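Thanks for making the time this morning.

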Amino acid sequence: MPFALIGAGALAATGFQPLALWPFTLAALAFLIDRLEQAGSARRAALAGWLFGLGYFALGNNWIATAFTYQAAMPAWLGWIAVVLLAVYLAVFPAFAAFFAVWLARRWRAALLPAFAGSWVIAELLRATLFTGFAWNPLAMVALGGFTRPGLAAIAPWTGTYALSGIVVLLAGLWLFAWRVAQAYRLYASAVVAAVPAGLMMLPLQGSGGEGHLTYTLVQPNIGQDTINEPSLYESQFQGIARLSLPRAADTPRVVLWPEGGLPDYLRPGYPQGFYNATTFAADPALARARIGQVIGRGSLLLTGATDLVVQGGEVAAARNVVTALGADGAIRGSYAKAHLVPYGEYLPLRTWLAPLGLSRLVSGSLDFLPGPGPRTLEMGSFGKAGLQICYEIVFSGEVTDRAHRPDYIFNPSNDGWFGAWGPPQHLAQARMRAIEEGLPVLRATTTGISAVIDADGVVRQSVPRLTAGRLDGRVPPAHPPTLFARLGNRLALAWVFALLGASLVVARRRRGR
């Protein structure tokens with residue numbers, strides 16, 4: 001049975017991108033729910049949940065192993081050990097959900113399903129929070145349809161991602177019930193029950209369409225992770241992104257969007273000269289900014305991923321991963337510093353202990369990055385109000401906008417080059433979920449793909465596939481009025497938790513009355 005549970009967890013992960021085999025997810029969850037009903041104790045249920053989670057996270061996060069192929073200090077095979085070790089930790093959260101659900105429904109089996117759905121929501125909220133959080137691939141992501149169809153995820157404005165995960169658990173419970181009805185030779189009734197989750201998952205909901213007024217050019221330069229940090233290629237890389245960004249005859253003033261990691265120049269003055277000498281243009285930040293201004297053209301504005309340095313006592317002590325707004329005159333109009341940093345990617349936790357053991361970050365560079373203060377909206381006059389989320393930050397449901405200053409759209413520059421084959425489509429899917437939850441368009445510019453323009457319904461209007469250089473032009477899709485989730489955030493998920501756990505108690509009391 002342990003191997004069956006691990007296998008079921010891996011099967012459940014095939015519902016995520018790029019496979020999107022959501023029927024396998026529902027079937028695997030139905031199997032887990034059946035095992036929880038037969039567990040006999042909360043401790044055994046926790047073990048079942050942990051084994052399921054081990055397979056679920058090991059397969060779903062397999063892209064992490066690719067990062068080790070770009071780290072010369074560590075062998076590539078260590079990446080797969082890292083994937084399994086991470087899964088060992090993350091599986092604690094399904095174990096918690098299973099333990100709490102079985103404990104809550106220990107006398108009334110009928111209460112188990114709503115209790116497990118509510119417990120799963122709590123577990124995902126905890127996973128997204130503890131130790132800076134790892135919110136990647138909440139269960140709700142299997143409810144997201146294809147590029148032009150949000151599917152069941154269309155209800156996310158009223159549920160949020162984490163409560164939608166609980167609804168997916170309920171749908172899996174319906175499939176388990178349908179299986180049991182079929183075992184009683186009531187095949188017609190079983191088919192009707194089974195069709196309900198399938199119909200909901202395949203809702204033919206479309207985006208609302210419509211065009212906005214802000215003109216954009218979004219660039220994907222296709223700079224591979226194996227060359228992005230090679231100084232001898234900095235100038236050719238800049239020339240490539242510049243060619244893709246030049247204004248065309250019909251272009252009006254526009255916002256130009258470059259990815260994270262696409263610009264090797266330091267844009268601010270005041271750093272030690274050696275840092276400027278290692279970049280592309282004349283070792284002078286003012287000249288670098290002026291050249292970029294000429295590229296984007298008169299009257300336009302650039303939003304680009306960049307690196308700012310933190311100087312203390314004349315020495316560079318740290319760095320910040322930022323988005324910089326740059327005018328055509330070369331003036332810096334504003335910036336945003338990434339708040340949710342990637343452990344072992346952008347900083348080394350417990351550096352004073354781990355560095356002497358030979359451990360280092362998975363990406364090149366000896367400087368640790370410092371976090372910014374959190375979501376911010378940049379007011380850019382005729383270029384609207386931009387909400388900014390750099391790379392991995394976009395996966396944190398409820399943490400992507402400044403709710404006091406709602407933006408017109410979210411810009412999500414990213415470097416997905418070290419995410420392997422599975423990471424980029426999963427990353428894109430989570431950006432689509434943020435668009436649906438918040439009722440805001442999301443524009444993603446990445447180094448190697450998948451870059452995309454996503455409307456406020458989660459529909460991908462345009463995209464550039466992986467490993468392709470390309471450019472997208474158009475008008476930023478309009479935002480919707482603030483959704484219920486945009487107003488309440490994850491307080492909405494907690495309301496769903498109380499509803500689900502309350503339902504389990506109602507079921508329990510009714511069974512006790514009998």
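A word on conventions before the details. What you see is a predicted model, in which local features need pLDDT of at least 70 and side-chain atom pairs count only at pLDDT 80 or more, while totals for chains, interfaces and linings use all residues. Residues are numbered from 1 along each chain as its sequence is written, and side-chain values use heavy atoms, with hydrogens and water left out.

Now to the aromatic rings, of which the structure holds 20 pairs. Rings of Phe, Tyr and Trp (its six-membered ring) pair if their centres lie within 6.5 Å, and planes under 30 degrees apart count as stacked, over 60 as edge-to-face and the rest as tilted. Phe96 and Phe100 form a stacked pair, at 6.0 Å centre to centre with 5° between the planes. How far apart are these two in helix α6? They are four residues apart, and so are separated by about one helical turn. As a general point, an α-helix has 3.6 residues a turn, so residues three or four places apart point the same way. Phe96 is partly exposed at 30% relative accessible area, and Phe100 is also partly exposed, at 23%.

The rings of Tyr271 and Tyr276 are stacked as well, because their centres are 5.8 Å apart and their planes are at 15°; both of these tyrosines are buried. Elsewhere, ring pairs link Phe16, Phe52, Tyr56, Phe57, Phe116 and Trp120 into a cluster.

We turn next to the salt bridges, and how many does a search of the whole structure find? The search finds 14, a salt bridge being a side-chain nitrogen of Lys or Arg within 4 Å of a carboxyl oxygen of Asp or Glu. One of them joins Arg180 to Glu37, with the closest N and O atoms 2.5 Å apart. Arg180 lies in helix α8 (residues 156–183) and Glu37 in helix α2 (residues 22–37), so this pair ties together parts that are 143 residues apart in sequence. Arg180 is partly exposed, with a relative accessible area of 27%, and Arg180 and Glu37 belong, together with Asp34 and Arg35, to a network of salt bridges.

Another bridge is formed by the side chains of Arg461 and Glu211, at 3.4 Å from N to O. This pair links distant parts of the chain, with Arg461 in strand β11 (residues 460–464) and Glu211 in the loop between α9 and β1 (215–220), 250 residues apart. Arg461 is partly exposed at 28% relative accessible area, whereas Glu211, at 53%, counts as exposed.

Gln17 and Pro18 are joined by a cis peptide bond with omega of about 5°, and Pro18 is placed in the loop between α1 (2–13) and α2. The peptide bond from Gly449 to Ile450 is also cis, with omega near 15°, and Ile450 is found in the loop between β9 (442–446) and β10 (451–454).

Ala20, although not a glycine, has a positive phi of about 60°; Ala20 lies in the loop between α1 and α2 and is partly exposed, at 32% relative accessible area. Asn222 likewise has a positive phi, near 60°, and sits in the loop between β1 and α10 (234–245), where its relative accessibility of 30% counts as partly exposed.

Technical notes:
Buried means under 20% relative accessible area, exposed over 50%, partly exposed in between (1.4 Å probe, protein chains only).
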